[in-house]
Amino acid sequence: MRRSLRARMVRALAVAGLITALVLPAASPASGQVADDLILRVGTDQEFSGLNPWQSIYVLDYEVFTLNYDLLVGYDENLGFTEGFATSWETSDDGKTTTFKIRPDMQWSDGQPATAEDARYTYQLVLDAIAAEVTLGSGYIDGYLSSANLSAVSAPDPETLVVETSTPTSLLLPAYVPILPKHVWESHTLEQIANAEADDFFPNDPPVVGTGPYTAVEFQAGQFMRFARNPNYWGEQGAAEEVIIQHFESNETMVQALRNGEIDYARGIGADAFDALEGQEDIVTVEGFANGYSYLTFNGYSKPIEGGGASTTALADPAFRDAMGWAVDLPLLVDRVLAGHGTPGTSLIPPFHSNWYVPPAADVQRSFNLQTADEKLVAAGYVKDASGQRLDKEGEPIALRMTWPASESELATVAQFITEWWGELGIPVEAGVTEDDTLLVDLAPPEYDPPGKADFDVYMWGWVGDVDPTSLLQPFTTDEIGGSSDTFYSNPRFDELFTLQGQTTDEAERKAMLQEMQEIFYRDLPNIPLYYDSELHAYRTDRFGGWQSQPPDTGTPLFGFGPIGYTKLTVAGSTPSEAPSAGAASPGVTAAPSAAPGGSETPTADNTTLILGVGALILVLLAGGLVLMRRRGAETEEE
């Protein structure tokens, strides 16, 4: 979800904060605080990128802004379109003009009127950025509208928004863009909103003003974010009067906190721990379909880079990449790394997108065969020397560097297998983990601003999609080199099809285009989709009920598309009608997470701030387009 469309971590503001995870409060709240049994505690091992939604990178960031803000068009429990900031919409016969009716008498959380002018301001901000050739933050969110070919936006009255596109498109309604309050944001320049390094950058610190069911009222970088119920929310609100999303340094600590009842929900659980939780008292495990994939990317940058670039030109050769694809046993990785919680990768569009996914034909599909890999390498001109070392076409030994982000611990096991397999082909691999922020810098190409050196050979990470597959396709277009592309792949026909598929409203026509794009991708293999790893979550049933997955059969209750999972919650043992109604909660301050993993007490929120001080180093992650857009509706933690 994000370049100037999905700058997979692009020009992003990453907050590298205090890493030690704090376990959430279990003690009774102090006077004036929300009752402990009405605070929903959610655990994740991702870190927050901040509250300026344009800087969003990870799945967690998307979860945060959909609690704070409405999308123009929301998603229901079955991933169908439903009301959001707008209650209805109508598109012209030529498919280029959509008129949205905005909810009457809606208010922002600070009591100011929320009108069509706020939506116009938000969309116009994207148009202004396009005109100025400025990327808005990470580049993920503005890309939704640039891909839809947004051309103009107007608000003829407080309840009407008119959005025009230069071509017919099916991409406008799914645009995952939060509607922002003009009266809060308009005093800041485009540079202050878009650039995390700008003087007077606008971080949108708490308390956040939004129209979502909750608003962020406290944020400790690298530790937690606390949300209070929005007293002016227009829709159904769940039982939780507050939500605390807690960062855990390790997956193991997060799972233990769930077992101990210190959190109510855990996202991105490791496969072994997930299996061990099944059948535990008061705990329900949920395996969601993968709406994305974990992958191995080849550095296909084809021009010389002084002091950087790939170590061999072979990586830019589709024939070399094809041969290496035969030397990766995908079913074994699913079995040994994911304990079966996933399926082998084939396409850049996962089976989650049942309308669009087309697997490779049987006669071209690769399987694991080292002999075939060797034969293909030789046929492509990559022979071995007398010592058994594989040589590139310049006669230089091929020795690859492989890395993966520290946040993706399971990829260390993947690296062990691939290192062995490729070693048998006469290609030694030096494998080692890299800290996330450092890796993003290493991946940035010369086209990035500031220029990078694309200093890697192969790396592994993950990517997550949206309800529409566009965000999974765009990183492989030529225009995304210097943006969301980490492969630096370029294929004119792929580019042409990407443009055309965004300009048709005929589903059959679009599917034919997407099928050809998947065939091109599989043939050229700019990256290897290793597996579609399931989204492994778990929740407790002793304090909250009403947990509802989105979609019901294949999704997860939280970290989906919009805040619906939060709004359906009830107090455990109650009926939905007994849940507090919108506006019932007091926005009073409560204690922050207050117990360390060892059980010792830590200061309350205010004292923690005094003791820990700033607590976080703000880093600009230069990875033009790289970090998995982890807004996953169904994929295991990468990002």
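How many of the six residues of β8 are buried? Five of them are, so β8 is largely enclosed by the rest of the structure. The model is a predicted one.

## The four-stranded sheet

β8 belongs to an open sheet of four strands. The order is β5-β6-β8-β7, and the pairing is antiparallel. Two strands stand at the edges: β5, residues 86-91, and β7, residues 150-157. Each of these edge strands pairs on one side only. From one strand to the next, the twist averages 20 degrees.

What holds such strands together? Strands of a sheet pair through backbone hydrogen bonds, either parallel or antiparallel.

## The two partners of β8

One partner is β6. Strand β8 covers residues 160-165 and pairs with β6 over five bridges, in the antiparallel sense. Two positions show how the strands line up. Lys-101 stands opposite Thr-160 in β8. Phe-100 has Leu-161 of β8 as its bridge partner.

The other partner is β7. Here too the pairing with β8 is antiparallel, over five bridges. Ser-154 faces Val-162 of β8 across this pairing. The link between β7 and β8 is a hairpin, made through two residues.

## A helix across the sheet

Helix α2 lies across β6, β7 and β8. Its direction is about 160 degrees to that of β7.

The loop between β6 (97-102) and α2 (116-131) holds Ser-109. Is Ser-109 buried or exposed? Its relative accessibility is 17%, so Ser-109 counts as buried. Leaving out residues up to four places away in sequence, Ser-109 touches Val-208, Val-209, Gly-210, Thr-215, Asn-230 and Asn-232.

## The seven-stranded sheet

Another open sheet has seven strands. They run in the order β9-β10-β11-β2-β12-β20-β13, and the pairing is mixed. Which strands stand at the edges? They are β9 (214-220) and β13 (283-288). Each has a single partner strand, so one side of each is left without a neighbour in the sheet. Neighbouring strands are turned by 20 degrees against each other on average, direction ignored.

Within this sheet, β2 and β12 give an example of parallel pairing. β2 spans residues 39-44 and β12 spans residues 265-267. Two bridges join them. Val-42 has Tyr-265 in β12 as its bridge partner.

## Helices α14 and α15

Two packed helices are described by the angle between their axes and the distance between the axes. Take α14 (residues 492-501) and α15 (residues 507-524). Their axes come within 10 Å and cross at roughly 155 degrees. The helices α14 and α15 are therefore roughly antiparallel to each other. The crossing of α14 past α15 is left-handed.

Which residues make the contact? From α14 come Arg-493, Phe-494, Leu-497, Phe-498, Leu-500 and Gln-501. From α15 come Arg-510, Met-513, Leu-514, Glu-516, Met-517 and Ile-520. By class, the residues of this contact are eight nonpolar, one polar and three charged.

## Pro-469

Pro-469 sits in the loop between β18 (458-464) and α13 (470-473). Its relative accessible area is 0%, so Pro-469 is buried. Beyond its neighbours within four places in sequence, Pro-469 is in contact with Ile-349, His-353, Trp-356, Arg-510 and Leu-514.

Pro-469 and Gly-292 are 177 residues apart in sequence. In space, the C-alpha to C-alpha distance between Pro-469 and Gly-292 is 9.6 Å.

## Helices α9 and α11

A further helix pair is α9 (residues 330-337) with α11 (residues 411-423). The axes come within 10 Å and cross at roughly 145 degrees. The crossing of α9 past α11 is right-handed.

On the α9 side, the contact uses Leu-332, Leu-333, Arg-336 and Val-337. On the α11 side, Thr-413, Val-414, Phe-417 and Trp-421 take part. The contact of α9 with α11 has six nonpolar residues, one polar and one charged.

Conventions: Residues numbered from 1 in each chain as written. Predicted model: local features only at pLDDT ≥ 70, side-chain atom pairs only at ≥ 80, totals over all residues. Heavy atoms only, no water. Axes fitted to C-alpha atoms, helices over the stretch in contact; angles between N-to-C directions. Parallel < 35°, antiparallel > 145°, perpendicular 65-115°, else oblique. Left-handed = near helix turned anticlockwise from the far one by under 90°. Contact = heavy atoms within 4.5 Å. Nonpolar A, V, L, I, M, F, W, Y, C, P; charged D, E, K, R; others polar. Pairing = 2+ DSSP bridges. Buried < 20%, exposed > 50% of the residue type's maximum accessible area, 1.4 Å probe, protein only.
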